[in-house]
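Open the model in your viewer and keep the selection tool handy. We will go stop by stop, with a short note on what to look for at each one.

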Amino acid sequence: MDTFLQQVVSGLATGGIYGSLALALVMIYQATDVVNFAQGEMAMFSTYLAWSMLQAGLPYWLAFAGTLAIAFVGGLLIERLVIRPVENAPILAIVIVCIGLLVIFNSLAGWIYSYIQKPFPSPFPERPITLGAVVFGAHDVGAIGVTLVVLALLYVFFRHTPLGLAMRAAAQNPVSSRLCGVRVGWMLALGWGLAALVGAVAGLMVAPKVFLDPNMMSGILIYAFASATLGGFTSPCGAVLGGLLVGVIENLVGTYVWFIGTELKLTVALALILVVLLVKPSGLFGRAVVHRV
Amino acid sequence: MPALLEAERVEARYGWTKVLHGVGFTVEVGGITTILGANGAGKTTTLRAVCGMVRTAGVIRFDGRRIDGQATEDIVRLGIAHVPEGRGTFVQLTVEENLRLGAYCRRDRAPRGADLDRVYGYFPVLRERRRQVAGTLSGGEQQMLALARALMLRPRLLLLDEPSLGLAPMIVREILRIVRAINQEERASVLLVEQNAALALDLADYAYLLETGRVIRSGPSAVMREDDAIRRSYLGY
Amino acid sequence: MADHVSTPAVARAAEIRWARVAPWRWTLAGWLAVLVVAGVLPFTLSDFRLFQFTQVFIYAMALLGLNILTGYNGQISLGHGAFYAVGAYTAAVMIDRWSIPYGWTIPAAALLCLVVGFLFGIPALRLEGLYLALATFALALAVPQILKYFEHWTGGSQGIVLSKPAAPLGLPLTADQWLYLVSLAVLLALVVLAWNLLRGRTGRALVAIRDNPIAAEAMGINSALYKSLTFGVSAAYTGVAGALSALAIAFVAPDAFNVFLSITFLVGIVIGGLASISGAIFGALFIQFVPNWAQDISKAAPWAIYGVFLIVFMYAMPRGIAGSLRLLWRRLTRPNRRSP
């Protein structure tokens, strides 16, 4: 039972990370119908910037806040400067641009910071947290906490502020939004900014566990796809819940199913994607797309 | 006194297809003007041209300032509310969220509560349904919602595109009655595009008849009602 | 009122004499010119360059396959690397384990991939757009792992080593020259086959399914059958490419068939031009040579340069090279329209 609880908590922690990246993917997909393949690399690059700030002597939470700010502005600028010129092009063309961003960020990180893995500090204490007979890693619990706080703030922003409402409207119906005076272009840019911010949080929380490396986020991106598929690409809440589920499932399967070692863990994610797509493509919480004739 | 909205020699195109070939009309302050015409005459395009939603040439003036060539978001901020063809409601948002969006670009910081009350006053059914998702409303209710959203802007000019489309006659009469009330109480001028000529001429002071992108007749509604040209334009004889 | 046939416009078109030649004659002329050049190349280039151009032909076959599925039929596949791998390993196993002459590997790969593709196309019918892309993406990710798992057949991580086939009948050609000519011949056959398929009823049906699936069904097109068959044919093309690549490189290993290969194919067809046969050639040239140029420009961060190339290409030519050429042609030959 103890192992079970430990694996669940650990799974929730990684699941929160998957869910955050999945949320970033879904936010952009909902507004633009494009899957941003570069989301993971943007998160990775933000984490490297945090590393630089920490190397320069900044205290952790200051670097954290600074990274989020830079990620936000960066995402916004990327939308305005890189994506905007092709926003009316065929969707696959925009996908290619995202792939271009992916390789650029990956390559730049490798060039500037080298491919040698670096340790990344966790803001949470080393000592594990003990509740009765069960031992939890402090970082895991902390990561869950940070993820929850960020997601809660986003939720409040989108549901209860005029700007959040305008952003939702712009994603759903750009034409009518313009008629309400909403500057749809800037709403898209804000969306990219927030997505990049959320991605950066994911990167900062995962780096202490897997070590900082330019290819750190590529596996996580795949889990994020699995999470968004499971939860539904049309549902931001679904993406997060999907992430938590994927994290827990991954851990439990890895622990309790004897032939699934670390290499095949990824196959579990892939199998999950395929099963969901075969059974209910729109995911657990997504809306099925209805075509009106 | 200069007109609130003036259009001169307006041309509009979708891609390579030109739809308006030099249209001119005015809307007086406090007046209700209607643009009539059969399907494909270019009525919807005219409203879109005013709002900057389509490529135009020619001059469009609002309150003396030129608005042709500006972005829709900027034109709307001047106080022009457009209720588009097909309502344009945000079907995934609630009724109240739709209404709040209507007031999004208003400069004044007044609390929206008073505005919501005012709008619910015109459309009590919306108050009952305010937490409901807009997509679940009936056609008539969605038209009311679209109109209510436009009102939240406190517009000086209201553009209405075929409000009668797909609605039962009783509901249409109700909506047009409310439009008249809005014109009088809110002092909003109205530019109404309608296929149903009889209803439109009842409501409006002045009418323009559009045929394949050109104004072929215009005049006060009382005169236009007697004019054969409308019947000929619609029925071909 | 009617103003679309005005005398000045017709006069202008007649002035552009070369525009009066039907477009298809220009295309044919273009192809013949390219063919002549390609035929001469093997006797002028070094073996390494020949190998690169052989790769271009092989990629072009794979891209043509993917373009038939994604460009003409609108089914997005991020997993064609899987069919490439099936073709490659079919050839490798046939030659290495069963000692079958290499000539048979090509039709075998085509047939096997046709069946596998068709079978994959059936569940794919339920998926559209993003969801199909995700499913094929998952497939592509799984390929290296599956290949390593079935060690007994595939030789596991070590892969299988082959020897390059020599020219038959004692012809005075090096192995590289021979493979170049074989690939060119196969590419030509596949291009002609595709051209035939796509310009007739089949092509129109595919495009109809892509542009308006409901209307297509309403017109009596058996969407399900066409879509699954298209998957099969597309896989077969890519499988043939894979088989030839096994011969050309003389080595197959699981890690060469990773997800990046599938993404490269997608990049190839978008850059080359969707729904275009010549687009496959342009795309193949791009994915073969541009990474090398990127490396020449910057040893330290070559992929960053490649990424910049991708982005700039999409800004300048969002419809791909073939698409831009089409637009250019139309602009040059369009009669001047002046409205009254």
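How many residue pairs are in polar contact across the interface of chain A and chain C? The rule finds three, with both residues at pLDDT 80 or more; a polar contact is a pair of N or O atoms within 3.5 Å, where, within protein, one must be able to donate a hydrogen and the other to accept it, and residues adjacent in sequence count only if both atoms are side-chain atoms.

A word on the ground rules before moving on. This is a predicted model, in which local features need pLDDT of at least 70 and side-chain atom pairs count only at pLDDT 80 or more, while totals for chains, interfaces and linings use all residues. Residues are numbered from 1 along each chain as its sequence is written, chains are lettered from A and ligands numbered from 1 in the order in which they are written, and side-chain values use heavy atoms, with hydrogens and water left out.

**Stop 1: chains A and C**

Select both chains and show what touches. Now pick A:Leu92, A:Ile96 and A:Leu277, which supply 18% of the area that chain A buries against chain C, more than any other three residues.

Next, colour by helix (DSSP runs of H or I, at least four residues, numbered from the N terminus).

**Stop 2: a salt bridge inside chain A**

Select A:Lys209 and A:Asp140. Their side chains meet in a salt bridge at 2.9 Å, N to O; the rule asks for a side-chain nitrogen of Lys or Arg within 4 Å of a carboxyl oxygen of Asp or Glu. This pair links distant parts of the chain, 69 residues apart: A:Lys209 sits in helix H8 (residues 184–210) and A:Asp140 in helix H5 (residues 138–160). Over all chains the count comes to 25 salt bridges, yet between chain A and chain C it is zero.

**Stop 3: the lining around H3 of chain C**

Finish with C:Thr27, C:Leu28, C:Trp31, C:Ile277 and C:Ser278, which lie nearest the centre of the second largest pocket, among 42 lining residues. On a 1 Å grid over the protein atoms alone, a pocket is an open set of points with protein on both sides within 12 Å along at least five of seven lines, and lining residues have an atom within 4 Å of a point. H3(C) gives the largest share of this lining, 12 residues.

Methods: Buried area is the accessible area (1.4 Å probe) that two parts lose on being put together, summed over both. Helices (H or I, at least four residues) and strands (E, at least two) are DSSP runs, numbered from the N terminus. On a 1 Å grid over the protein atoms alone, a cavity is a set of points where a 1.4 Å probe fits but cannot get out, and a pocket is an open set with protein on both sides within 12 Å along at least five of seven lines; lining residues have an atom within 4 Å of a point.
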